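Visitor: I would like to learn how to read the features of a model. Can we take them one by one?

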Amino acid sequence: MSSDLVRPRAVVCLSGGMDSCVCATLAARDFDVFAVHFSYGQRTEAREQWSAEEVARITGAQELMHLKIDLFRMIGGSALTDEGIAVPSAKDDESEMAGGSLRTGHQVPVTYVPFRNAHFLSAAVSWAEVLGARTIFIGAVEQDSSGYPDCRPAYYDAFNELIRTGTKDGDIRVETPLIAMRKSEIVRLGVELGAPFHVSWSCYASESEACGVCESCVLRLRAFREAGAVDPIPYIQR
């Protein structure tokens, strides 16, 4: 009898960012990973694609499907896809970060891409049905986040109900293993797992060197600092 075990398949939504990097590394422990990456007209599209390709390669993904959609660029309304909206900087101030987020109240930042994750997950579910995969991973994080509405547990509970009622067998489920973790905890987990942080990319504004001042950079830098780790990606010297 062969000693080789047939591992289940999983689809991983892989942006190339810090959280999806850890999520992909985590999924690869127990699943044959089929990664899906989206280029949607974001400012750092080329760098994010490269990062996703490298994370997929290093973590041993079976395949990386690169999907390009122009929808969000045409719709606009987000600083990530609309050149007419500036990417705001975030002041790295502990008083503003009390409670773990850069935001207070329920303000949704201009970097929110309208209903983006629903489009990503829909494609992932379609591919999962074809692959016979019952699990989809996405690195959504509610704690220490920018306050995006499509990164909340209730959102994924509702989406899983949609999958249950709208797919052939109804047995595919979206898993969000990082959603309740602090960013510093995600860094520690990534270090423990050997996640390839050095090829990940989080900056909203720059592709060669991270700006260090956009909300995503500030959250990332703080997470590495609190985790007692060194962020291996290059930053603009200011």
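Visitor: Which backbone oxygen does the side chain of serine 200 reach?

Guide: The side chain of serine 200 reaches the backbone oxygen of phenylalanine 197, at 2.7 Å. A polar contact is a pair of N or O atoms within 3.5 Å; within protein, one must be able to donate a hydrogen and the other to accept it, and residues adjacent in sequence count only if both atoms are side-chain atoms. A polar contact of 3.0 Å also joins the side chains of serine 200 and arginine 220.

Visitor: What are the ground rules?

Guide: This is a predicted model: local features need pLDDT of at least 70, side-chain atom pairs count only at pLDDT 80 or more, and totals for chains, interfaces and linings use all residues. Residues are numbered from 1 along each chain as its sequence is written, and side-chain values use heavy atoms, with hydrogens and water left out.

Visitor: Where is serine 200 found?

Guide: Serine 200 sits in the loop between α6 (183–193) and α7. Helices (H or I, at least four residues) and strands (E, at least two) are DSSP runs, numbered from the N terminus.

Visitor: Is serine 200 buried or exposed?

Guide: Serine 200 counts as buried because its relative accessibility is 0%. Buried means under 20% relative accessible area, exposed over 50%, partly exposed in between (1.4 Å probe, protein chains only).

Visitor: Which residues is serine 200 in contact with, leaving aside neighbours within four places in sequence?

Guide: Contact means heavy atoms within 4.5 Å. The partners of serine 200 are Gly16, Gly17, Met18, Cys21, Ser51, Arg220 and Ile233.

Visitor: How do I read empty space?

Guide: Rolling a probe the size of a water molecule over the atoms shows where empty space is left. On a 1 Å grid over the protein atoms alone, a cavity is a set of points where a 1.4 Å probe fits but cannot get out; lining residues have an atom within 4 Å of a point. Grid points are joined across faces, edges and corners, and a volume is the space filled by probe spheres set on the points. Here the count is one cavity of 30 Å³ or more. The largest cavity holds about 730 Å³ of space.

Visitor: Which residues lie nearest the centre of the largest cavity?

Guide: Ser15, Asp19, Arg116, Gly139 and Tyr204 do, out of 36 lining residues. α1 (18–27), β2 (32–39), α4 (116–131) and α7 (215–227) each supply at least two residues of that lining.

Visitor: How many disulfides does the structure hold?

Guide: A disulfide is a covalent bond between the sulfur atoms of two cysteines. The cut-off is a pair of cysteine sulfur atoms within 2.5 Å. The structure holds zero.

Visitor: What about backbone angles?

Guide: Most residues other than glycine have a negative phi. Phenylalanine 115 has a positive phi, near 60 degrees. Its place is in the loop between α3 (71–75) and α4.

Conventions:
On a 1 Å grid over the protein atoms alone, a cavity is a set of points where a 1.4 Å probe fits but cannot get out, and a pocket is an open set with protein on both sides within 12 Å along at least five of seven lines; lining residues have an atom within 4 Å of a point.
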